[in-house]
Amino acid sequence: MTATLPPSTPATPALAALDRSDSDVVLIVDDVPDNLAVLHDALDESGYTVLVATHGEAALQRAAQALPDIVLLDAMMPGMDGFEVARRLKASPATAHIPIIFMTGLTETEHLVAALEAGGVDYVTKPIKPREVMARMGVHLGAARKARQDARQAREARNALDAFGYASITVRAVDGRIVWQTPLARELLQSYFGEVGPDGTPTAFGQWAPEPVQAWLRRHVLADNAAELLAASLAEPPRLAVEQGARRLTFRLHQQAGDSAGGGDWLIVMREVSDAKIIESMSLSFKLTAREAEVLYWVVKGKINRDIGDILGASPATVKKHLERVFAKLGVETRTAAAAMAMNRIRQLHPQFEG
């Protein structure tokens, strides 16, 4: 039979009106009214916001609605027991992060192991001692709070990168799996590589980094001396660049986003550079025609007149005439001076340009 709260137990706060600014939210799940009352009063007096549930289904419903900061869960309840409640909470993405402390009168090793295997981070034995419970809660709430803060900071950093046109992915070094990616990153990877599988080859899923990215990451993270070089910050690893016609996608190793086991997870920042965009900005900056801007761009890239003619489908003589007009508009006399002036302007407008 499902127990109910005794009249002396304070009412559960409305789930939609929970205020988390000054207190952590605790969900207590127990089918015994006396246990609920003792814990509720002790936690309430200590400043926690307390929710209660007397059976498994109610616990799942309250957890999904309120997303408490921690759950105190009775292991043995009629109907759905605490082990099943924990497994369901951990199976749901919305509640998987919530730490669970089991409350149990069972002290046999197999029961305690079962509690941890079901997703519990700790356990306390009955009869419940409120001070012990709060001490255990403090440890796990602190860890959970730090994890949420780290996740929020990482999310804000990624959003800032996207806002400035930088796409980012987090890749697991040991197998190349994409742990996280921004919408812009997914769009760029699909554009340059299509969908890829575990070995970097095309597939119907976009869950793995392309083979060139995996090889580049392994070379700079999993090599024998990679960890020492990165730890000492001797130099940023060389960037990876992948060209597709007049477009180029660069990859920069930004920071480790997870623990170091197996090489860890790494945040990689991507940026696309388009020749067309750079040429357009040079045309506007120096008041050049589109063809003059193209000629100047290839001069910056170190091409001679014959090569530029081949690229643009023009004769070397025509390229020379365009270049003379470029010199006049820039107020310089040599291609070296013109290239230097153009490079300075490009780097102002396109900091990611690498020449």
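Leaving aside residues up to four places away in sequence, Asp74 touches Val29, Asp30, Asp31, Gly82, Met103 and Lys126, where contact means heavy atoms within 4.5 Å. The structure is a predicted model, in which local features need pLDDT of at least 70 and side-chain atom pairs count only at pLDDT 80 or more, while totals for chains, interfaces and linings use all residues. Residues are numbered from 1 along each chain as its sequence is written, and side-chain values use heavy atoms, with hydrogens and water left out.

Asp74 sits in strand β3. Helices (H or I, at least four residues) and strands (E, at least two) are DSSP runs, numbered from the N terminus. At 3% relative accessibility, Asp74 counts as buried; buried means under 20% relative accessible area, exposed means over 50%, and partly exposed is in between (1.4 Å probe, protein chains only). UniProt, in an unreviewed entry, lists Asp74 for "modified residue: 4-aspartylphosphate". UniProt positions are given in the numbering used here, feature names are shortened, and annotations may be inferred rather than shown by experiment.

The strand that holds Asp74, β3, is part of an open sheet of 5 strands with parallel pairing and the order β2-β1-β3-β4-β5. Two strands pair if DSSP finds at least two bridges between them. In general, strands of a sheet pair through backbone hydrogen bonds, either parallel or antiparallel. From one strand to the next, the twist averages 20°; axes are lines fitted to C-alpha atoms, for helices over the stretch in contact, and angles run from 0 to 180 degrees between N-to-C directions. Strand β4 (residues 100-104) runs parallel to β5 and is joined to β5 by 4 bridges. Within this pairing, Ile101 has Asp122 in β5 as its bridge partner. Helix α2 packs on the sheet and touches β1 (25-29) and β2, with its direction at about 145° to that of β2. Helix α3 also packs on the sheet, touching β3 and β4, and its direction makes about 175° with that of β4.

Several loop residues deserve a look. Met80 lies in the loop between β3 and α3 (82-91) and is buried, with a relative accessible area of 14%. Its C-alpha is 5.3 Å from that of Gly56, although Met80 and Gly56 are 24 residues apart in sequence. Not counting residues up to four places away in sequence, Met80 touches Gly56, Glu57, Leu60, Val85 and Arg88. Leu67, in the loop between α2 (56-66) and β3 (70-74), has a positive phi near 45° in a residue other than glycine. Leu67 is partly exposed, at a relative accessible area of 34%. A cis peptide bond, with omega about 0°, joins Lys126 and Pro127; Pro127 is in the loop between β5 (122-125) and α5 (130-163). Lys126 turns up again here, being one of the residues that Asp74 touches.

Over 5 bridges, β8 pairs in the antiparallel sense with strand β9 (residues 247-256), and Val242 has Leu249 in β9 as its bridge partner.

In the loop between α9 and α10, Lys287 has a phi near 55°, a positive value in a residue other than glycine. Lys287 is exposed, with a relative accessible area of 68%. The axes of helix α10 (residues 290-300) and helix α12 (residues 316-330) come within 9 Å and cross at roughly 90°. That makes α10 roughly perpendicular to α12, on a scale where angles under 35 degrees count as roughly parallel, over 145 as roughly antiparallel, 65 to 115 as roughly perpendicular and the rest as oblique.
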